[in-house]
Amino acid sequence: MTAYDVIVLAGGAAKRLGGADKPAVRVGGRTLLDRVLTACAGAGVTVVVGDRRPTARPVTWTREVPQSGGPLAALGAGVRLTTADIVLVLSADLPFLEASTVQSLVAAAVAAEREGGDGALCTDPDGRDQPLVAAYRAEPLRRELALIATEHGSLAGLPLRLLTAELDLARVDAGPHAAFDCDTWDDIAAARARIREHGAVLDEWITSVKNELGIELDVDTGVLLDLARDAAHGVARPAAPLTTFLVGYAAARAGADAGPDAAAAAVADAARKAADLALRWETEAVAAAGPAAGTEGGAEVAGEAKPDAGGEGTGTP
């Protein structure tokens, strides 16, 4: 992927949140700021414009002058600390921003450069431009900020449209949620409710756990869920979490000195072995239960041939 730096704007007054520290508000157990930082983890330099606060990964901190001087002043402060040709610009209140959107923006900015453009920004489902979910070419971004500062005396208190009106920006469809920002407590409540929806809650939970534990490992969760089911059904219900723990431990030992791909393969291999064991336990349990638990007539039980009822030499066929 093309190299890029990122500026995250985290210094607003959050008046509609009653002055709360918005970037530190948690959605799904993670702060809004950390959720954004996760989406742009591939950045070369990450600059956060705002007050220092704990973050899940290291960042470079700065403040606009004057403080609370608005988004243009924050951009002016942040861009001085970047070096890449592409600068991603994000607000710190995007709970559903994903790495795929970041990649799309950066790719669109590169494509725009080939056509003489200045970058790319997201549009929301209503077609509105989102200049704080955008990737800008660094040279025209710096140039226009300097021209605006010269014309107005400073960047403080000026609207973003003064910048975007002067730039030739491609549009990227952000999808239904990528540009959703949290300006009010109702927005926060809606975000918290969405991550608990049936189709999203598992992925949200796994992502949160991996971030909390500092794990950068993509595994097939379906394999682990199937293993938990087989252990619970074939052995005993408490066997499910204990078995998956042991699989993780075994995979960690096997992949201790390997990269993420080898570690993911180790998880899959350990899960397969444990699942096969659970199925063997189930087979023995079914066989022990007698003919009623087997297939028709009890002649075959879970793939095992049932021993003849008669003894040797009884004449029973």
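The dialogue below turns to the sheet, its helices and one aspartate.

Author: This is a predicted model, where local features need pLDDT of at least 70, side-chain atom pairs count only at pLDDT 80 or more, and totals for chains, interfaces and linings use all residues. Residues are numbered from 1 along each chain as its sequence is written, and side-chain values use heavy atoms, with hydrogens and water left out.

Reader: What is the strand order of the open sheet?

Author: Strands (E, at least two residues) and helices (H or I, at least four) are DSSP runs, numbered from the N terminus. Two strands pair if DSSP finds at least two bridges between them. Here seven strands run E5-E4-E1-E6-E8-E7-E9, with mixed pairing. E5 (60–62) and E9 (169–173) are the edges; each has a single partner strand, so one side of each lacks a neighbour in the sheet.

Reader: In which sense do E1 and E4 pair?

Author: Parallel, over four bridges, between residues 5–9 and 46–49. Valine 8 faces valine 48 in E4.

Reader: Which strands does helix H4 touch?

Author: Contact means heavy atoms within 4.5 Å. H4 (residues 138–152) packs on the sheet and touches E6 and E8.

Reader: Is aspartate 34 buried or exposed?

Author: Buried means under 20% relative accessible area, exposed over 50%, partly exposed in between (1.4 Å probe, protein chains only). Aspartate 34, in helix H1 (residues 32–39), is buried. A salt bridge needs a side-chain nitrogen of Lys or Arg within 4 Å of a carboxyl oxygen of Asp or Glu. Aspartate 34 has none; arginine 26, the nearest side chain of opposite charge, is 5.9 Å away. The aspartate 34 side chain does reach the backbone nitrogen of alanine 56, at 2.8 Å.

How values were computed: Lys, Arg positive; Asp, Glu negative; His and termini not counted. Polar contact = N/O pair within 3.5 Å; in protein donor to acceptor, adjacent residues only side chain to side chain. Axes fitted to C-alpha atoms, helices over the stretch in contact; angles between N-to-C directions.
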